[in-house]
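Here are my notes for a first look at this model. Have the sequence and the structure open side by side as you read.

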Amino acid sequence: VQLQASGEGLVQAGGYLRLSCAASGRTFVGYYMGWFRQGAGKEREFVACITWRGSTIYADSVKGRSAISRDSAKNTVYLQMNSLKPEDTAVYYCSAREGNYNTDYRRWDYWGQGTLVTVSS
C-alpha cells in the first residue's frame, strides 16, 4: 500500500497551493482519507479529512481557506489551500484510516511520505 503525496511548493502569503495524494496497492473504499501537517518542532496535527461518501471535516485553523476532495476513480485525494499564511508552513502528510473519524494521527493506518509547503511573508 502506498500513498504518494505531491504538490510541494514555496508560495507567498495570500497565495494558494493544491496538494495531491495518489493511493495504490489497494482500494480505500470505506476509508477516511485525510491530511495532516507537521511544522518544525511541532507535533503532527490534523488538517482535514473526507469520507468515502464525500463528507468533509476541517481543523479550525484551515476552515474556510481549504477544501479537501477525492476522486475515487483515480484513488486520489486533493487538498486545495487558499489564502495561505506563514503559519501554514509545514510538511503535509496524506493518510488513510479505516473506521470512525479521529483527529489523532496515531489512530491513522496508512501514511504518505510528506510534502513540504513553505509560505513566505
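1. Start with the largest cavity, which holds about 50 Å³ of space. A cavity here is a set of points, on a 1 Å grid over the protein atoms alone, where a 1.4 Å probe fits but cannot get out. Grid points are joined across faces, edges and corners, and the volume is the space filled by probe spheres set on the points. The structure holds one cavity of 30 Å³ or more.

2. Before going on, a word on where this comes from: it is a predicted model, in which local features need pLDDT of at least 70 and side-chain atom pairs count only at pLDDT 80 or more, while totals for chains, interfaces and linings use all residues. Residues are numbered from 1 along each chain as its sequence is written, and side-chain values use heavy atoms, with hydrogens and water left out.

3. Which residues line the largest cavity? They are Ala-23, Phe-28, Met-33, Trp-52, Arg-70, Asp-71, Ser-72, Asn-75, Thr-76 and Val-77, where lining means having an atom within 4 Å of a point. Sorted by class, that gives five nonpolar, three polar and two charged residues. Nonpolar covers Ala, Val, Leu, Ile, Met, Phe, Trp, Tyr, Cys and Pro, charged covers Asp, Glu, Lys and Arg, and the others, Gly among them, are polar.

4. Strands E7 and E8 each supply at least two residues of that lining. Strands (E, at least two residues) are DSSP runs, numbered from the N terminus. E7 and E8 (residues 76-81) run antiparallel and are joined by six bridges, and one link to look for is Arg-70 with its bridge partner Val-77 in E8. Two strands count as paired if DSSP finds at least two bridges between them.

5. Zoom out and you'll find an open sheet of four strands, ordered E1-E3-E8-E7 with antiparallel pairing. Strands E1 (2-6) and E7 (66-71) stand at the edges with a single partner strand each, so one side of each has no neighbour in the sheet. From one strand to the next, the twist averages 15 degrees; the axes behind such angles are lines fitted to C-alpha atoms, and angles run from 0 to 180 degrees between N-to-C directions.

6. Two loop residues deserve a check of their backbone. Most residues other than glycine have a negative phi. Asn-75, in the loop between E7 and E8, has a positive phi near 55 degrees. Ser-83, in the loop between E8 and strand E9 (90-98), also has a positive phi, near 45 degrees.

7. Is Thr-51 buried or exposed? At 15% relative accessibility Thr-51 counts as buried, which means under 20% relative accessible area, with exposed over 50% and partly exposed in between (1.4 Å probe, protein chains only). Thr-51 sits in the loop between strand E5 (45-50) and strand E6 (56-58). Beyond its neighbours within four places in sequence, Thr-51 is in contact (heavy atoms within 4.5 Å) with Tyr-31, Tyr-32 and Arg-70.

8. Last stop: strand E11 (residues 115-120), where you'll find Thr-118. Thr-118 is partly exposed at 26%, and its C-alpha is 6.3 Å from that of Val-11, 107 residues away along the chain. Compare Leu-116 with Glu-98: they are 18 residues apart in sequence, yet 26 Å apart in space, C-alpha to C-alpha.

Definitions and conventions:
On a 1 Å grid over the protein atoms alone, a cavity is a set of points where a 1.4 Å probe fits but cannot get out, and a pocket is an open set with protein on both sides within 12 Å along at least five of seven lines; lining residues have an atom within 4 Å of a point.
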